[in-house]
Amino acid sequence: MKYKRILLKLSGESLMGEQQYGIDSGMLLKYAQEIKEVSAMGVEVAVVIGGGNIFRGVQADEFGLDRVQGDYMGMLATVINSMALQSALEKAGVYTRLLSGINIQQVCEPYIRRRAVRHLEKGRVVIFGAGIGSPYFTTDSAASLRAIEIEADVVLKGTRVDGIYSADPEKDPNAEFYSNISFKDVFEKGLNVMDMTAFTLCKENNLPIIVFNMNKAGNLKRLVDGESVGTLVSMTDMEETLTQ
Ligand code: UDP
């Protein structure tokens with residue numbers, strides 16, 4: 001096993017599947033299975049899930065809402081997704097704990113770092129809900145911050161593309177794929193990996209990020225097994241590997 005403790009970041013949008021809004025039960029079960037596989041290998045798994053399939057703070061304006069109110073709505077959306085994932089995991093026989101950045105004690109434990117680490121050590125999948133609990137942040141920032149706090153080996157950012165490209169591969173057929181890239185090059189090339197706050201946190205704390213396709217079955221397990229899947233972003237200023 002290459003990694004002992006991982007933090008998996010999933011976007012809320014990925015839970016929609018082909019839908020326009022909300023949660024697709026098929027996607028939920030699929031993700032639960034993928035997580036179960038790596039947890040069963042003995043990897044300690046923490047998960048941060050976004051809320052973009054339900055609400056994002058940036059939409060507040062459209063609704064005539066205050067931004068901070070909108071951000072809290074977004075955080076609550078992440079709790080809904082986290083609860084759904086928790087249920088799916090438990091149905092699959094995986095022990096889980098949901099820890100929230102805002103207090104909602106009827107449904108989640110409050111986020112306490114030492115408690116999170118203890119759950120991980122006991123083999124429970126820990127889901128961090130409500131981001132970091134503060135407005136003006138994203139769940140990418142929550143993923144970076146929690147990963148640093150719990151001393152995860154890596155942040156695994158599950159997406160629907162294979163990794164980082166020089167341009168959007170869904171729009172530009174000549175986009176080049178990077179299998180390794182340094183933080184510095186991501187920054188200099190203006191590539192979109194995570195928002196800048198989240199990215200900087202990883203960079204300053206030397207926490208590698210792997211961007212990979214979570215929708216390809218078995219990818220998460222392959223990654224944990226040490227196979228080269230997706231794009232590794234790290235301090236190493238090696239020549240990035242370019243393949244078409
Ligand atoms: N959010 C926040 N603070 C946090 C995490 C999330 O205010 O620490 C709000 C923010 O409005 C964000 C929304 O919750 O737009 C949903 O999270 P995000 O956009 O990161 O979800 P994703 O894009 O991953 O689905």
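This is a predicted model: local features need pLDDT of at least 70, side-chain atom pairs count only at pLDDT 80 or more; totals for chains, interfaces and linings use all residues.
Which residue in β5 is the bridge partner of Leu-99? The partner is Phe-128.

Strand β3 covers residues 96-100 and is joined to β5 by 5 bridges. These two strands run parallel. Strand β2 covers residues 44-49 and is joined to β5 by 3 bridges. That pair runs parallel as well. Phe-128 takes part on this side too, as the bridge partner of Val-48.

| Strand pair | Bridges | Sense |
|---|---|---|
| β2 and β5 | 3 bridges | parallel |
| β3 and β5 | 5 bridges | parallel |

## Inside strand β5

In β5, Val-125, Ile-127 and Gly-129 point one way. Val-126 and Phe-128 point the other way. Both sets are buried.

## Rings and charges

The charged end of Arg-146 sits over its ring, 5.9 Å from the centre. The charged end of Arg-146 also sits over the ring of Tyr-111, 3.6 Å from the centre.

How many aromatic pairs does a search of the whole structure find? The search finds 4. One of them is Phe-183 with Phe-199: the ring centres are 5.4 Å apart and the planes stand at 65 degrees, so the pair is edge-to-face, a label that needs an angle over 60 degrees. This pair links distant parts of the chain. Phe-183 belongs to helix α5 (residues 183-189) and Phe-199 to helix α6 (residues 196-204), 16 residues apart. Both phenylalanines are buried.

## The annotated binding site

An unreviewed UniProt entry marks a "binding site". The annotation covers Gly-51, Asp-71, Ile-132, Gly-133, Ser-134, Pro-135, Tyr-136, Phe-137, Thr-138 and Thr-139. These residues span 89 positions in sequence, yet no two of their C-alpha atoms are more than 14.3 Å apart, so they gather at one spot.

Two of the marked residues are worth a look. Gly-133 lies in the loop between β5 and α4 (139-149). Phe-137 lies in the loop between β5 and α4. Gly-133 is buried, with a relative accessible area of 14%. Phe-137 is partly exposed, at 39%.

Their contacts can be listed, leaving aside neighbours within four places in sequence. On that basis, Gly-133 touches Tyr-72, Met-75, Gly-101 and Ile-102. Phe-137 is in contact with Ile-132 and Thr-197.

## Cysteines

How many disulfides does the count come to? The count is 0. Cys-108 counts as buried at 5% relative accessibility. Cys-202 is also buried, at 0%.

## The annotated domain

UniProt, again in an unreviewed entry, lists residues 4-213 as "domain: Aspartate/glutamate/uridylate kinase". Over this stretch the chain is 37% helix and 20% strand. The end C-alpha atoms of the stretch are 20 Å apart.

Glu-37 is partly exposed, with a relative accessible area of 34%. Leu-220 is 183 residues away from Glu-37 in sequence. In space, the two are 8.6 Å apart, C-alpha to C-alpha.

Technical notes: Residues are numbered from 1 along each chain as its sequence is written. Side-chain values use heavy atoms; hydrogens and water are left out. Rings of Phe, Tyr and Trp (its six-membered ring) pair if their centres lie within 6.5 Å; planes under 30 degrees apart count as stacked, over 60 as edge-to-face and the rest as tilted. Helices (H or I, at least four residues) and strands (E, at least two) are DSSP runs, numbered from the N terminus. Buried means under 20% relative accessible area, exposed over 50%, partly exposed in between (1.4 Å probe, protein chains only). A charge sits over a ring if NZ of Lys or CZ of Arg is within 6 Å of the ring centre and within 35 degrees of the ring normal. Two strands pair if DSSP finds at least two bridges between them. UniProt positions are given in the numbering used here, feature names are shortened, and annotations may be inferred rather than shown by experiment. Contact means heavy atoms within 4.5 Å. A disulfide is a pair of cysteine sulfur atoms within 2.5 Å.
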